[in-house]
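Look at the chain below.

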Amino acid sequence: MIASYKSADREFKAGQDLFSLGEPCDSIYNLTEGWIILYNILEDGRRQILHFALSGAVLGFHPGGGAMMTYSAQALTDAVVNTIPHKALLPIVKQQPEFGLRLACLIARDCTLAFDRLTSIGRHSARERVAHLLLKLFVRYRAQWPGSQIEEMHLPLTQEHIGDATGLTSVHVNRVLRELRKDGILEFHYRRLRILDPDKLVDVAGLDPQLVMSWIR
C-alpha cells in the first residue's frame, strides 16, 4: 500500500541539494542509499551542519500543512531517496497504524541525537566534540550490520565537514585529529576512520556507554 503512494526512486549526486531552506514542505523523503547532511547557511556564508542522515532516515516531515523547510539537505555521497506526499500520510496511517508509529520513532530518535550533539557543541572541549561526533557516526554506521565487529569504516567527511558540525575551524580539527592519533585512540586519514582504542574514545567523548548502546537500539 505504501508503495502505491511513493514516487519512483530519485538519485542525487554528491553535492546536490535534495531541498533548500524556505521551500514548501510537501513531501517526506526516505533515504534508501547514501549519506545526507542537513545544514543551514548563516548570513556571512558560514555553514552549520545540523545532522548526518544515514540509510533509513526520514527527512522533511512537518506535522502542519503549508509549512516551509527550516533547513537544507545535501547529498554527502551519491544517494537514493523516495518521496511520499504529505497528503498521503493520513490515509496510510489510517490503514497501517504501525507506519505512523515507526515514523514517530524515527523522528524521536533523530531528536535524541540532535539534543545530544547540541549538548556536546555547547559544553564540550574541542577534543571532546570531535571524539563525540566520530564515535556517534561510527556506532550508527556499524549498527546497520548487527553483530559486525568492524573497527574501520569509510567516513565520507572532510575536516571541513567535521568543523562545520562541531563549530571548529579546519585547522583546529586537524590539530585535534593529530592528538587523537598520537594518543593511540583513532586515526582519520583520506576519509577512513579507524578506532584504535574504543574505551578511550568513549572516555574522551565524555559519554555514558549505555547512551552509546541506545543509539544502536
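## Terms and model

Two strands pair if DSSP finds at least two bridges between them. Helices (H or I, at least four residues) and strands (E, at least two) are DSSP runs, numbered from the N terminus.

This is a predicted model: local features need pLDDT of at least 70, side-chain atom pairs count only at pLDDT 80 or more, and totals for chains, interfaces and linings use all residues. Residues are numbered from 1 along each chain as its sequence is written, and side-chain values use heavy atoms, with hydrogens and water left out.

## Strand β7 and its neighbours

Start with strand β7, residues 72-75. Strand β4 (residues 36-41) pairs with β7 in the antiparallel sense, over four bridges. Here Leu38 stands opposite Ala73. Strand β2 (residues 17-19) also pairs with β7, again antiparallel, over two bridges. Its Phe19 has Ala73 as bridge partner.

Which way do the side chains of β7 point? Ser72 and Gln74 point one way, Ala73 and Ala75 the other. In a regular strand the side chains alternate between the two faces of the sheet. All four of these β7 residues are buried, meaning under 20% relative accessible area; exposed is over 50%, and partly exposed lies in between (1.4 Å probe, protein chains only).

## An open sheet

Four strands form an open sheet in the order β1-β8-β3-β6, with antiparallel pairing. The edge strands are β1 (10-12) and β6, and each pairs on one side only. Strands of a sheet pair through backbone hydrogen bonds, either parallel or antiparallel.

Strand β3 (residues 27-33) is joined to β6 by two bridges.

## The pocket

Spaces are found on a 1 Å grid over the protein atoms alone. A cavity is a set of points where a 1.4 Å probe fits but cannot get out; a pocket is an open set with protein on both sides within 12 Å along at least five of seven lines. Lining residues have an atom within 4 Å of a point. Grid points are joined across faces, edges and corners, and a volume is the space filled by probe spheres set on the points.

The largest pocket holds about 620 Å³. Its lining has 23 residues, and Leu38, Tyr71, Asp110, Cys111 and Ala114 lie nearest its centre. Helix α3 gives the largest share of this lining, eight residues. By class, the pocket lining has 16 nonpolar, five polar and two charged residues. Ala, Val, Leu, Ile, Met, Phe, Trp, Tyr, Cys and Pro count as nonpolar; Asp, Glu, Lys and Arg as charged; the others, Gly among them, as polar.

How many cavities of 30 Å³ or more does the structure hold? There is one. The largest cavity has a volume of about 60 Å³. Among the residues that line it are His51, Phe52 and Arg140. Helix α4 gives the most to this lining, with four residues.

Helix α4 is mostly covered, with 14 of its 17 residues buried.

The structure holds zero disulfides. A disulfide is a pair of cysteine sulfur atoms within 2.5 Å. Cys105 counts as partly exposed, at 41% relative accessibility. Cys111 also counts as partly exposed, at 35%.
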